[in-house]
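Here's a quick tour for anyone meeting this protein for the first time. Have a look at the model below, then read on.

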Amino acid sequence: MKEISEAELEANFEDYVERCEEGEVFIIKCLDGRQVAMVPADEYADVLPKPLDKDADSCDDVWD
C-alpha cells in the first residue's frame, strides 16, 4: 500500500486509476488532513453500494 498526496493523485490521475484497477491500493492524504483509501472496486464488490435500480423508491430497496 502506497501513500500519496491528493495533489499527486490529481497530477497523475489516469496512472493511479489504472494501477488501482490492476490491484494496487493507495492511501491518499487529502489537503484537509483526512486520509482515504483508493481500492480496486472488483475486489471489494461485496461491500460497495449496489447501483440504484431505476424502479427502486429508495436506496433501502437495493440492499439484500
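## Overall layout

Starting at the N terminus, the elements of this protein come in the order β-α-α-β-β. That gives 2 helices and 3 strands, where helices (H or I, at least four residues) and strands (E, at least two) are DSSP runs numbered from the N terminus. Of the 64 residues in the protein, 20% are buried; buried means under 20% relative accessible area, exposed means over 50%, and partly exposed is in between (1.4 Å probe, protein chains only).

A word on where this comes from: this is a predicted model, in which local features need pLDDT of at least 70 and side-chain atom pairs count only at pLDDT 80 or more, while totals for chains, interfaces and linings use all residues. Residues are numbered from 1 along each chain as its sequence is written, and side-chain values use heavy atoms, with hydrogens and water left out.

## How the strands pair up

Let's take the strands next. Strand S1 (residues 2-5) and S2 run parallel and are joined by 4 bridges; two strands count as paired if DSSP finds at least two bridges between them. To spot this pairing, look for Ile4, whose bridge partner in S2 is Ile28.

On to the other pairing: S2 (residues 26-29) meets S3 in the antiparallel sense, again over 4 bridges. Here Lys29 has Gln35 in S3 as its bridge partner, and Ile27 stands opposite Ala37 in S3. S2 and S3 make a hairpin with 5 residues between them. Gly33 sits in that turn and has a positive phi of about 100°.

## Salt bridges

Side chains of opposite charge can pair when their charged atoms come close. This structure holds 4 salt bridges, each one a side-chain nitrogen of Lys or Arg within 4 Å of a carboxyl oxygen of Asp or Glu. Asp15, Arg19 and Glu24 are linked in a network of them. Arg19 meets Asp15 at 3.6 Å, N to O, and Glu24 joins in with its closest N and O atoms 2.9 Å from each other in the bridge to Arg19. Arg19 and Asp15 are 4 residues apart in helix H2 (residues 13-21), so about one helical turn separates them.

How open are these residues? Arg19 is partly exposed at 22% relative accessibility, as is Asp15 with 40%, and Glu24 is also partly exposed, with a relative accessible area of 32%. Elsewhere, Arg34 forms a salt bridge with Asp32, with the closest N and O atoms 2.8 Å apart. Asp32 counts as exposed because its relative accessibility is 54%.

## Patches on the surface

Glu14, Glu18, Glu21, Glu22, Asp42 and Glu43 form a negative surface patch. Patches are made of residues with over 30% relative accessible area and no salt bridge, joining like charges within 9 Å and nonpolar side chains (Val, Leu, Ile, Met, Phe, Trp, Tyr) within 5 Å. Asp and Glu count as negative, Lys and Arg as positive, and His and the chain ends are not counted. The place of a charge is taken as NZ of Lys, CZ of Arg, CG of Asp or CD of Glu. Asp42 lies in the segment after S3 and is exposed, with a relative accessible area of 62%.

There's a nonpolar surface patch too, formed by Val39, Tyr44 and Val47, with about 240 Å² of accessible area together. Accessible areas come from the Shrake-Rupley method with a 1.4 Å probe, and for residues only the protein chains shown count as cover. Val47 is found in the segment after strand S3 (35-38), and counts as exposed at 57% relative accessibility.
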